[in-house]
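I opened the notebook to look up how one chain is put together. My entries are below, in the order I made them.

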Amino acid sequence: MSLEDFKFIYWMEYAHRMWGRALGFVFAGPFAYFIARGYVTRQLGIRLSALFALGGAQGLIGWWMVKSGLEEPTSEYVQPRVSPYRLATHLTSAFIIYCGILWTALSVVMPDPPTGSMSWVNGAAKIRKLAIPVSAVVGITAISGAFVAGNDAGHAYNSFPKMGDSWIPEDVFSMEPFVRNFFENTSTVQLNHRILAATTLLSVGGLWLAARKIDMHPAVKSLIGSTLGMAALQVTLGISTLLTYVPTSLGSAHQAGALTLLSLTILLVHTLRRPSPARLKSIATAVKST
């Protein structure tokens, strides 16, 4: 590593830390003000306090992750890198905080989901049963990307759809104990991510097909279509990133795509939630009056 390379890494790391600390102040200042003014309900206050605490813990997790990369390599040919387990923990924590903030913000802005008739409410309930597991698959796929990055698996098998000359590499289960392969074996980690990505796209596609046959609010159907489009774009970005040996620009776009897709699924599940009893009563009253 040259001095210029070290300077680049240093300033990226330093900016990341300062950005994280600044977020804490940006969150805490308005939060304290709104509490003092009585704008925050008890339930909302507890939720925001929990998110703030998670933000503080995220800083500790970040240092715990970085610390793993400061250990002396086993040989001069081994490149120092952070633990993929700690990297995945840091990313998962970030996603949890982000999803919590997004869900909270949506709940404040949109206390009740879009409704127009009981038929739309019943349709949303049917799709919600599918949307929740699909969202879980999206989240798991995104987290698996941390193991791809942590093991530098993106620089192996830069071909698609095959991995080199075969569909499944021979060394996918070469590590002992067996479970290590899924988190530390470069071949297995990349194969898992490919399978999860395909599963995500097929799951979102299946959700879209199911939604076409169900009577729902047009906004919900439009959101499902947007989610499918984003899933297809994300898979395209992933393949492009792999085939071009993971340039920083495409790698960053792929990570941003994962967050965008996750955001759309969170928005979808939030939009599909059951309306409040008061809202359901008003819909029933409107039906009787007509």
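**Ground rules.** I am working with a predicted model, in which local features need pLDDT of at least 70, side-chain atom pairs count only at pLDDT 80 or more, and totals for chains, interfaces and linings use all residues. Residues are numbered from 1 along each chain as its sequence is written, and side-chain values use heavy atoms, with hydrogens and water left out.

**Domains.** I looked up the domain assignment and found domain 1 (1–100) and domain 2 (113–289). Such bounds come from an automatic or database assignment. The C-alpha centres of the two domains are 24 Å apart. To the contact, domain 1 gives 11 residues and domain 2 gives 15 residues; contact means heavy atoms within 4.5 Å.

**Interface.** I noted that the size of an interface is often given as the accessible area lost when the parts come together. Here domain 1 and domain 2 bury about 1200 Å² between them, with 73% of it on carbon and sulfur atoms. Buried area is the accessible area (1.4 Å probe) that two parts lose on being put together, summed over both. Which residues of domain 1 lose the most area to domain 2? They are Pro84, Tyr85 and Phe95, together 40% of what that side buries.

**Salt bridges.** I counted four in the structure, and one between domain 1 and domain 2. The term means a side-chain nitrogen of Lys or Arg within 4 Å of a carboxyl oxygen of Asp or Glu. Asp152 pairs with Arg81, and their closest N and O atoms are 3.5 Å apart. Another salt bridge links Arg17 and Glu13 at 3.2 Å, N to O. Both of these residues sit in helix α1 (residues 3–36), four residues apart, about one turn of the helix. Helices are DSSP runs (H or I, at least four residues), numbered from the N terminus.

**Annotated spans.** The unreviewed UniProt entry lists "transmembrane region" at several spans, including 48–66 and 130–150. UniProt annotations may be inferred rather than shown by experiment. I checked residues 48–66 and got 100% helix, with end C-alpha atoms 27 Å apart. Residues 130–150 are also 100% helix, and their end C-alpha atoms lie 31 Å apart.

**The loop between α4 and α5.** Asp152 lies in this loop, and its phi is near 55°, a positive value in a residue other than glycine.

Definitions and conventions: Helix = DSSP H or I, 4+ residues; strand = E, 2+ residues; numbered from the N terminus.
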